Structures are given as structure tokens and as C-alpha cells.
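Please keep the sequence and the model in view while reading.

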Amino acid sequence: MKKSMMVQRMKIKPTVLKLGGSAITNKEKLLTPSLLVIERLADEISRAKVSSLILVHGGGSFGHPFAEHYDIPEGYVDPLQILGFSKTHQAMTTLNYLIMMALISHNIPAVEVNPSSCVVTKAGRIQTMELRPLKKMLKIGFVPVLYGDAVFDSERGFAILSGDQLVSSLAIKLGACRIIMGADVDGYYTKDPKKDPSARLIPHITLEEFKTSEEFKSLKHINEGTKATDTTGGMPGKMLELIPAVEHDIQAMIVNAIEPLRVYKALKGEEVRGTIFEKGEKVG
């Protein structure tokens, strides 16, 4: 009976859920978690009862400020950065602890997977990743929880591995059926909705449309002038990182994790406000 259950889980394609740092922390205040949001999201994840789930979370006001202050994304050039690497990693494990506490308190069998211990990058891109423990966790029924982290790099000494890059890589390598990105906005817009009231939500976009749209070309300006520190690219970075997964026919959806029930509905496959990003032709 037990062996049969494990075989069944092996056949289920996992869902990869990303909880963005902007949603789970206050990015304007150093080391400030959004505890009510974290607690609610843990409840929504629990109630959704996804058969096979991988969770990744961002850094927000925890990892990004330290990474920027010590120039961790640029690689190892100064011995003072070694302590900065440690501070960045410690900040991320602190945020991860809060998320793990919330998940487990809602009876989710979450297990932390430390990216700096299982991923090596090359020029900031994933070069190797130890997947055997992750596969075993999914096979038994655990929920692996990873996060953006300072990791070791074969060329630069170390680098910042974004949660967004992790999401796409995990989805491809573990054969995910879908990706759900929980952000602090409703989805992909023609302009930055926080700055321009004329910004229009795009509910569905194909890979070809994204790569050729004028709206995408303007995305590089979204984060210019913002007070918040983000070393991993904001919404433009998220969309770019999703491309490899979408090219593998893995549908991605961006929803607002700050709004109640958006993540829950996305996990349940219900209709929800957001943006669907996929390879196929646009429907309708």
C-alpha cells in the first residue's frame, strides 16, 4: 500500500509556487516581514491541497539590501565581501524560518532546501544542482521550500541566485505541470501600475507576443528610480526567467499574492485575476 502511494506521487507532475519578496516583506523597511500575509498564504496553500508542490520564496527586504551593500552579485573581488555573503545568507534563512513556521503550523510537511548547499552557478546562471533529495521529498509527499540565496559560482567565486531563476530551472528539471508566481501586483502590465494609472493588465500572453511586444521593451524602465532595493530584476526579470520554462510548454501564471484568495484560486485551477504566460497560440 505504501509503495503504491509513492508510485502514484511519482506520476504526479509538481506545481512550482513562487512567493515574491515584495509580497511577503515590506521592501522599504530592512528585515521587515509581512507576517499577516505569510500566515494567510500558508493557510491558502494548506486549503488548496495540491498533490505535489515545490515552494520558492524571494528575499524582499531581507536578502536584497545586504547583497547590494556588499556587491555580492558582482562576484568575489574583496575579502570584505565574505562577511557580506554570510550576512545575505543569514538574512534569507531568517525569512525562511518565518515561512517554514507558518507552513508547518498549517500542517504542510515543508522541508527547507538550502540553495547555497546544492547549487553552483557559472557567471550567475545555474551550472549544477543536486536534485536527488528534492526528488525523494516529492516522492514521499514533502513540500520542498527553496529561496533566492547567495551561492557559490565557478567563475566569480559567488553570486546571487534569484528565486525566479530557481523557479524556472526546477520546473524544467522536475517536470512541473505549471508555475504560479505570487507577486505584489495583479500580473503583467503594459506599464508599471504603481506609477502609471493608465497601465493595463494583460491577462494572457504567448511567448511570441512577449518577445515582440513594445510593452516588453519598456519594462526595463519599471524599476528605475524606485527606493526599494532589488538585485534580481523585478517584473522584467521574472518574465525573462520564465521564458525557458514556457519554452518547455510549462504554463506560468502571475497573480497578486497580497490579495486574499488569489494564490488559493490559482492553486485550485479556478478563474482568477492575473496573467497567463504560455507557449501556445492566444485563445480567442
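This is a predicted model: local features need pLDDT of at least 70, side-chain atom pairs count only at pLDDT 80 or more; totals for chains, interfaces and linings use all residues.

Strand S6 covers residues 143-147 and is mostly covered, with 5 of its 5 residues buried. From S6, Val143, Val145 and Tyr147 point one way, while Pro144 and Leu146 point the other way.

Strands of a sheet pair through backbone hydrogen bonds, in either a parallel or an antiparallel sense. S6 pairs with strand S2 (residues 53-57) in the parallel sense, over 3 bridges. In this pairing, histidine 57 stands opposite tyrosine 147 of S6. Strand S3 (residues 110-112) also runs parallel to S6 and is joined to it by 3 bridges. Here glutamate 112 has valine 145 in S6 as its bridge partner.

## The four-stranded sheet

An open sheet is made of 4 strands in the order S5-S4-S7-S8, and its pairing is mixed. Its edge strands are S5 (125-129) and S8 (157-161), each of which pairs on one side only. From one strand to the next, the twist averages 45°.

Within the sheet, strand S4 (residues 119-122) and strand S7 (residues 149-153) run parallel and are joined by 2 bridges. The bridge partner of valine 120 is phenylalanine 152 in S7.

## Helices across the sheet

Helix H5 lies across S7 and S8, and it runs at about 135° to S7. Helix H8, which spans residues 163-173, lies across S5 and S8 and runs at about 50° to S5.

## Threonine 88 in helix H5

Threonine 88 has its place in helix H5, which covers residues 80-105. Is threonine 88 buried or exposed? Its relative accessibility is 2%, so threonine 88 counts as buried, the cut-off for buried being under 20%.

The side chain of threonine 88 reaches the backbone oxygen of glycine 84 at 2.8 Å. Which residues is threonine 88 in contact with, leaving aside its neighbours within four places in sequence? With those neighbours left aside, the contacts of threonine 88 are Gly63, Phe66, Ala67, Ile72, Ala150 and Ile160. Among them, Ala150 falls in the range of S7, residues 149-153, and Ile160 falls in the range of S8, 157-161. H5 lies across these two strands, S7 and S8.

How values were computed:
Residues are numbered from 1 along each chain as its sequence is written. Side-chain values use heavy atoms; hydrogens and water are left out. Buried means under 20% relative accessible area, exposed over 50%, partly exposed in between (1.4 Å probe, protein chains only). A polar contact is a pair of N or O atoms within 3.5 Å; within protein, one must be able to donate a hydrogen and the other to accept it, and residues adjacent in sequence count only if both atoms are side-chain atoms. Contact means heavy atoms within 4.5 Å. Two strands pair if DSSP finds at least two bridges between them. Axes are lines fitted to C-alpha atoms, for helices over the stretch in contact, and angles run from 0 to 180 degrees between N-to-C directions.
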